[in-house]
Structure formats: C-alpha cells, structure tokens
Amino acid sequence: MTSPRPDSPASPTTRRTFLGTAGQMAAVAGSLATVAHGAEPAQDKPPAVQPGGSDEIRVALIGCGGRGAGAAADALSVTAAPMKMYAMCDIFPQNIETRHKALVEQFKDKVDVPNERKFLGFEAYKQAMDALRPGDIAILTTPPAFRAPMFRYAIEKGLNVFMEKPIAVDGPSARRIIELSALADAKNLKVGVGLMARHNSARQELFQQLRDGAAGDIITLRGYRMQPAVQGWDLFPGPPKDMTELQWQVKRFHCFLWASGGIFSDYYIHHIDEACWMKDAWPVKAEANGGRQMRAKIDDQNFDNYSVEYTFADGTKFFYFGRTIPKAESKFGLFGHGSKHAFRISSTGHHPARSAIFKGQEIDDKNTVWTADKSETQPYRQEWIDLVDAVVKNTPYNEAIRGAQASLVTAMGRFAAHTGQAVTYDEMLNCPDDLTAGVESLTDSSPPPLLANADGTYPVPYPGKYKFEYRD
Ligand SMILES: NC(=O)c1ccc[n+]([C@@H]2O[C@H](COP(=O)([O-])OP(=O)(O)OC[C@H]3O[C@@H](n4cnc5c(N)ncnc54)[C@H](O)[C@@H]3O)[C@@H](O)[C@H]2O)c1
C-alpha cells in the first residue's frame, strides 16, 4: 500500500512528549516519514515476546459489546495455540456479565475470568492489561475514541493487540496511532486491525488479478452503503437517569464525532479501505456533499446522506455514497471499472465478497470472465488465524499504520462533507482539530469531551460555517 504523495513532508507534529527515550523518538520520527513517503515501516525483528512460561495465549476483552463478543469468539476459535479468555473490562457491569455468560456457554474451559478479573470503569483497561503477561493479546473493542491510549498502554505492557476499526477519527488521533505503531514495532509486538476484508481470500485473489492487469488500468471505483440507520439518531430526551452524560455519549457513540467519527467513519471505512487497497494507493484529495433531511428534537452530529469524490494521485476517482434514510432504496456494494473490464470487489455484505471481473463495463453475472474461488475465507475468523500465526511463529505483523491511514482517509470524506471544503491527505493528517483530546484522562465522573449547548442541543456540522466540522 502506498501513500499518495511521495513528496509530502512528514507531519510537523512528529514530537510527542509522552514517547520517552531518544531511541523511541527516532523510531517515531522514522515512522511518520515512512508513512509520508509511502513505504512499509521497517520491520526489525527483535526476539518475539513469548507469553510467559507456557504456550497458552491469554486474551483480555476490553469493550464487551457486540463486536467484542464476536472478536472474543473468533480469538477463542483459533487452534494454532491454546487460547484463553483471562480478563474482561467494560464501563457497564451488565455488558461484562452478558458476554461472560455467553462465552462460558460456548467455550467452557477456554474462559477463566473470575470476578476479580472483571474490571469496570474508564480506567479499568489498565487493570485488565495488567492481568496479562507480555506476549498475550489485548482486544480493544470499545468505541474508537479510546484506541490510542489503550494501544499505548498495551505497548508499555509488551502486549500484542487486536483493535477494531476505525482506529482513529481525525488527523491528531491518526498521528498518535502512527507514532505508537513504531513503538510496537520496536518491541516486536504483533498488531491486528479489524479491517477484516483484507483477510478474505476472494478479495486477495481479485487484488492479484488487478495487479496482473486483468481489468486493465483502474479508472473509476464506486461504492454504496445506503441502508436504514441501525439505531435512531434523535438524542432526545438525553441521558437516562441512571447514566452520566459521558456514559451515555459513549453508549451512543455513533452519534458523536469525538467518540467514533460518526456513522461515516464507523460504517464506511470498510468500503473505503477496500477500494484504496484495490487501487493500491491512498487518495490525495476528498470533495464531498452531505446533509440532513431527517431532523430530530435533538440532532446528533451525523448527516443522513453523504456523497464523496476521492481523487488519487494519478487522477483516478473513487465515488462513495452513504445514506441512512428509512424507506429509501438500500444498496450495499463496491465496484470498479478498468480500461478493459469492470469488476466487483464485494457486494451484499462483508462476507461473502463474490469478487469477480466482467466483460466490458456492465456488472452482471452473465458477463463474468473471472471469479474468485467460491470457498472464500471467513474474514473475521481469518484475521485472528493470521494474527495468532504471527504471534506463534514470530513473524512481522503490524496493521496499525495501514489501519490509521484507512481511518484518516475515511475521515477526509467526512470532513469534506461536514465543512463543505475539499481536503487533501496531508491537510487531514496535519489538521489540528483534535476530537479525542483528553480521552486518556477520562474517569467515571468526567464531563464528556463534547458539551451540550445551553438549550440541550449539540454543536453539529454545518458546511461553510466553521473552520472545522462543527467549530472554529
Ligand atoms: N469489523 C467489523 O465489522 C465491526 C462490526 C461492528 C463493530 N465494529 C467496531 O467495534 C467497535 C465496537 O463496536 P460495537 O458495535 O461492539 O459497540 P458496542 O456498543 O456494542 O460495544 C462497545 C463496548 O465497549 C464498552 N466501552 C465503551 N467505552 C469503554 C471504555 N472506555 N473502557 C471499557 N469499555 C468501554 C461499551 O460499554 C460497550 O460494551 C467499534 O469501533 C466498531 O466500529 C467493527
């Protein structure tokens, strides 16, 4: 995967005081320069960090929600090493209990989480990671806002990491992850990022076909995720009585840009990452439209429709359309057009992808000239097989920079729509608006990073009005 601007300068904010030693600083500066210049990060190979004293790999689940349950099941299903769920953490006790019960039912003695290794609260992730040994795996499946501080602590503890997408919501958080990635490499830690489509064999076969010129030069990519919203977007009447405003914003994380990057980052990152993977480049620019038709008593920070035009360095375009309006047509898929043939990257859902190449420019199964092997790998399982394989065999494995770039490029589309301004890759990377500033210090009694207006509404994006998405 290459960066779009071989001449682009490294970020001016390469120096972060928390990074400590001069050697670490050098590694970090090197990493940012590498990202800007498009090469893969250098992979020194210090000795593997072996889980202390046994073959067993222990995992801690930090964020016991829907995806956390899925990732835990995928982790415990790996057979290359004895896997054990060893600690669990959340900000809501019932989430820990629900997931713990389900995991015990499914995996029995692969789950060893007594009450003293169930940890509660915003700072509890540290205790969950403290319960592991160097070389074990921390699973980060909270909302994305917390990725960077949790990744940082995992690196300090010598833990391998699996973290769900998006892993950053804006320029500053992407820079943090890129910087931390170098520290993970310096410690020879393995890092998986939940952009699972990269681990699907059908898409991998298509990627190779495209490199071999099977569709000709790629001219246009286009993608759609248009479906009713998964949850309602009306924030009225605000937090329930038994929840703090912070807990509530975290629970409704799709509604708040600081917590998740909104539905744009959370939903659309998969397709955006897949398209850029197939193009084998990141776009240099995003221009976008978007708006909100469905008004609420208290609007959240999302638009309900987005149309983005990404431009790659060679002029190739990638058009992306997202919509969450009920009763409008649902459409989900990702397609490309080459100078010889059209191709389908994925359709209907994340799995199966049904990747194929078609005669001419019409995407239609009757025109198929090539199709990927239909026994394609299940990507959520495969990403765990690949991560544990790297841990066991001590092979280089770090998806953090690629994940940060995918997160950043996704944020470009959202930022362009919300501001009504074109934004370049370098502008987004260096954008000073820090949506997750201070999340590392949140406690159960903290006010949320986004405060409501006096009338109970929240600041929302308004194209043309602000320098950044909803503020100057
Ligand atoms: N790869 C995929 O296809 C996929 C699918 C779904 C979700 N995800 C990602 O997984 C992440 C979680 O999504 P979800 O749908 O499981 O949400 P969720 O709300 O079901 O789960 C999040 C959990 O994290 C807990 N939590 C929040 N902040 C915490 C903190 N600071 N410390 C500890 N626990 C905390 C919440 O209480 C909740 O139990 C998101 O980043 C989302 O984008 C990925």
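Q: Which residue in E13 does Arg 344 stand opposite?
A: Keep in mind that this is a predicted model. Strand E12 (residues 341-347) runs antiparallel to strand E13 (residues 356-359), and four bridges pair them. Across from Arg 344, the residue in E13 is Ala 356.

Q: What is the bridge partner of Ala 356 in E14?
A: E13 also pairs with strand E14 (residues 368-371), in the antiparallel sense and over three bridges. On that side, Ala 356 is bridged to Thr 371.

Q: How many residues of the contact of H10 with H12 are charged?
A: On the H10 side the contact includes Phe 264, Tyr 268 and Asp 273, and on the H12 side Val 409 and Arg 414 are among the residues they meet. By class, the contact has eight nonpolar and five polar residues, and the charged ones number two.

Q: Which element gives the most to the shell around the ligand?
A: There are 25 residues around the ligand, and Gly 63, Gly 65, Arg 67, Thr 142 and Glu 164 come nearest. Helix H2 (66-76) and strand E2 (83-90) each supply at least two residues of that shell. With three residues, the top contributor is H2.

How values were computed:
Residues are numbered from 1 along each chain as its sequence is written. This is a predicted model: local features need pLDDT of at least 70, side-chain atom pairs count only at pLDDT 80 or more; totals for chains, interfaces and linings use all residues. Two residues are in contact if their C-beta atoms, placed from the backbone, lie within 7 Å. Ala, Val, Leu, Ile, Met, Phe, Trp, Tyr, Cys and Pro count as nonpolar, Asp, Glu, Lys and Arg as charged, and the others, Gly among them, as polar. A residue is near a molecule or strand if its C-beta atom, placed from the backbone, lies within 6 Å of it. Two strands pair if DSSP finds at least two bridges between them.
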